[in-house]
Amino acid sequence: MKTIIEPFRIKSVEPITMSTRKAREFYLQAAHYNPFLLHSKDVIIDLLTDSGTGAMSSEQWAGIMRGDESYAGSVSFQRFERAVKDITGFKFVIPTHQGRAAERILFSIMCKKGDVIPNNTHFDTTRANIEFQGAEALDLKIAEASKPEVYHPFKGNMDLEKLQQIIKERGAKNIPIIMLTVTNNSGGGQPVSMENIRQVSRLARKYKIPFYLDACRFAENAYFIKLREEGYKRKSVKSIVKEMFSYADGCTMSAKKDGIANIGGFLCTNDEILAGKEKDLLILTEGFPTYGGLAGRDLEAIAIGLYEAMEDDYLKYRITSTEYLGKHISEAGVPIMLPTGGHAIYIDGRNFLPHIPKDQYPGWSLACELYLEAGVRSVEIGSVMFGVYDEKKKKDVLLPSLDLVRLAIPRRTYTQSHIDYVVEAIINVYNHRESVKGLKMTYQAKYRRHFTAHFKHL
Ligand SMILES: Cc1ncc(COP(=O)(O)O)c(C=O)c1O
């Protein structure tokens with residue numbers, strides 16, 4: 001059969017409230033042209049994030065009912081720990097309420113002022129947690145990753161020459177960790193090859209620097225390795241995952257992604273002394289080491305979801321449906337980041353709306369127009385999110401090289417016809433793109449301005 005179907009039946013549904021363009025104009029104006037400030041009931045298809053927005057399976061719901069809520073020594077923790085150890089091979093597993101809590105604990109212990117932490121591309125919470133310690137978060141992605149139109153099977157790879165150079169320049173003693181984010185979310189959801197993971201690990205070991213994976217989308221990354229890297233076609237995703245983790249000394253994880261849970265995360269290490277320090281810190285802010293900020297039922301859902309995320313049928317449907325969205329809009333001329341990544345499609349906002357100058361936020365304007373057109377919520381990853389504003393000059397003084405609009409696809413949540421609807425919406429906007437106007441920011445908070453900023457149309 002050529003048709004790839006969702007490998008599940010739907011047992012429980014959540015209604016979507018349909019709306020007219022006129023109503024959406026009102027909602028968006030009330031939200032100050034900031035999609036983050038919209039009420040979710042006013043959104044038809046929500047592609048703001050794939051984090052915590054997936055649909056749990058009947059097995060996971062059964063696990064929820066089994067959850068052991070004991071404060072200490074919960075059976076649910078034992079199941080969770082067994083699953084994480086089985087999948088990752090790491091010796092010590094520390095549950096956290098989500099990924100950034102694992103990052104905060106790791107970096108508070110591992111880094112200090114003046115240190116530098118290389119990654120292919122740091123996710124924004126990873127960067128923020130490193131910078132909070134006074135250390136530097138350095139992105140060392142390969143050159144191809146900055147060119148949306150250039151094909152490379154593993155655009156998430158780290159530039160090994162740059163890594164070597166940084167180790168020489170800054171000294172291994174000032175690099176407490178080297179990280180790789182799989183897949184590279186901020187770099188377009190692009191995978192990292194096994195060869196690159198191996199080489200980064202080799203360099204890290206040579207200089208005795210601990211090597212960590214930011215493993216949020218470990219299963220999607222493994223599936224890309226199976227599809228695109230020589231020698232892996234016949235290997236199971238589980239064995240590819242095992243090999244990926246075998247090169248690392250630890251990982252941070254948001255189980256809201258490839259744990260297919262609505263909340264949760266963990267931190268892993270093979271270092272017993274480090275694990276002890278991490279657990280001490282965990283107790284201060286997250287909770288006892290056998291629940292770490294989660295309910296027993298969440299631990300059950302994660303233990304099951306981690307395995308479901310590695311199933312071939314699921315991954316085939318997931319990666320193919322993302323690819324389908326990318327293929328159909330790019331065939332209509334819409335400029336996107338190529339090849340399509342695992343969890344999201346990234347539209348090149350500046351090329352989509354070339355008549356809107358950078359300082360009028362073309363990516364953000366496109367995200368607003370997609371909402372007005374069809375109630376599709378996306379997120380700008382560009383000038384609003386990463387621009388640097390100078391309070392004295394009252395303007396942005398530094399803008400990133402790309403204005404991307406990310407359409408992140410929640411796991412097992414939307415069907416083929418929802419994706420067709422999104423394709424139609426994007427193509428409609430593309431066909432009347434000259435009429436889309438730029439925006440002026442009228443309010444911004446000091447930190448993480450994209451969450452709360454206000455805009456008006458020009
Ligand atoms: C690559 C990456 N790392 C870390 C995080 C942070 O995880 P959480 O949102 O669970 O704190 C995210 C979340 O989107 C992510 O994509």
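**Entry 1**

Tyrosine 33 has a positive phi of about 55 degrees, although it is not a glycine. I noted this value because most residues other than glycine have a negative phi, and most peptide bonds are trans.

This is a predicted model, in which local features need pLDDT of at least 70 and side-chain atom pairs count only at pLDDT 80 or more, while totals for chains, interfaces and linings use all residues. Residues are numbered from 1 along each chain as its sequence is written, and side-chain values use heavy atoms, with hydrogens and water left out.

Next I looked for cis peptide bonds. Valine 182 and threonine 183 are joined by one, with omega about -20 degrees. I found threonine 183 in the loop between β5 and α7 (194-206). Leucine 338 and proline 339 are also joined by a cis peptide bond, with omega about -10 degrees. Proline 339 belongs to the loop between α12 (312-331) and β9.

**Entry 1: the five-strand sheet**

I traced an open sheet of five strands in the order β2-β8-β7-β6-β5, and its pairing is mixed. I called two strands paired if DSSP finds at least two bridges between them. At the edges are β2 (92-96) and β5 (178-181), each of which pairs on one side only. From one strand to the next the twist averages 15 degrees; axes here are lines fitted to C-alpha atoms, for helices over the stretch in contact, and angles run from 0 to 180 degrees between N-to-C directions.

I then checked β6 (residues 211-214) against β7 (residues 250-254): the two run parallel and are joined by three bridges. Opposite aspartate 214 I found threonine 252 in β7.

**Entry 2: the ligand**

Which residues are closest to the ligand? I listed Arg100, Asn185, Asp214, Ser254 and Lys257 as the closest, out of 14 residues that surround the ligand. A residue counts as near if one of its heavy atoms lies within 4 Å of the molecule or strand. By class, I read two nonpolar, six polar and six charged residues in this shell. Ala, Val, Leu, Ile, Met, Phe, Trp, Tyr, Cys and Pro count as nonpolar, Asp, Glu, Lys and Arg as charged, and the others, Gly among them, as polar. Helix α4 (residues 99-110) gives the most to the shell, with three residues.

An N or O atom in the side chain of arginine 100 is 2.6 Å from a ligand oxygen atom. For asparagine 185, a polar side-chain atom lies 2.8 Å from an oxygen atom of the ligand. For glutamine 98, the corresponding distance from a polar side-chain atom to a ligand oxygen atom is 2.9 Å. The protein covers 96% of the 390 Å² of accessible area that the ligand has on its own. These areas come from the Shrake-Rupley method with a 1.4 Å probe.

**Entry 3: salt bridges**

I searched the whole structure and got 30 salt bridges, a salt bridge being a side-chain nitrogen of Lys or Arg within 4 Å of a carboxyl oxygen of Asp or Glu. One that I looked at joins the side chains of aspartate 50 and arginine 217, at 2.9 Å from N to O. This pair links distant parts of the chain, 167 residues apart: aspartate 50 is in the loop between β1 (45-46) and α2 (58-66), and arginine 217 in the loop between β6 and α8 (218-228).

I found an open sheet of three strands, ordered β9-β14-β11, with antiparallel pairing. β9 (344-348) and β11 (379-381) stand at the edges with a single partner strand each, so one side of each is left without a neighbour in the sheet. The twist averages 35 degrees from one strand to the next. Five bridges join β9 to β14 (residues 404-408), and isoleucine 347 has valine 405 in β14 as its bridge partner.

Last, I looked at β12 (residues 388-390) and β13 (residues 395-398), which run antiparallel and share three bridges. Valine 388 has leucine 398 in β13 as its bridge partner. The hairpin has four residues between the strands, and lysine 394 takes a positive phi near 55 degrees there.

Definitions and conventions. A polar contact is a pair of N or O atoms within 3.5 Å; within protein, one must be able to donate a hydrogen and the other to accept it, and residues adjacent in sequence count only if both atoms are side-chain atoms.
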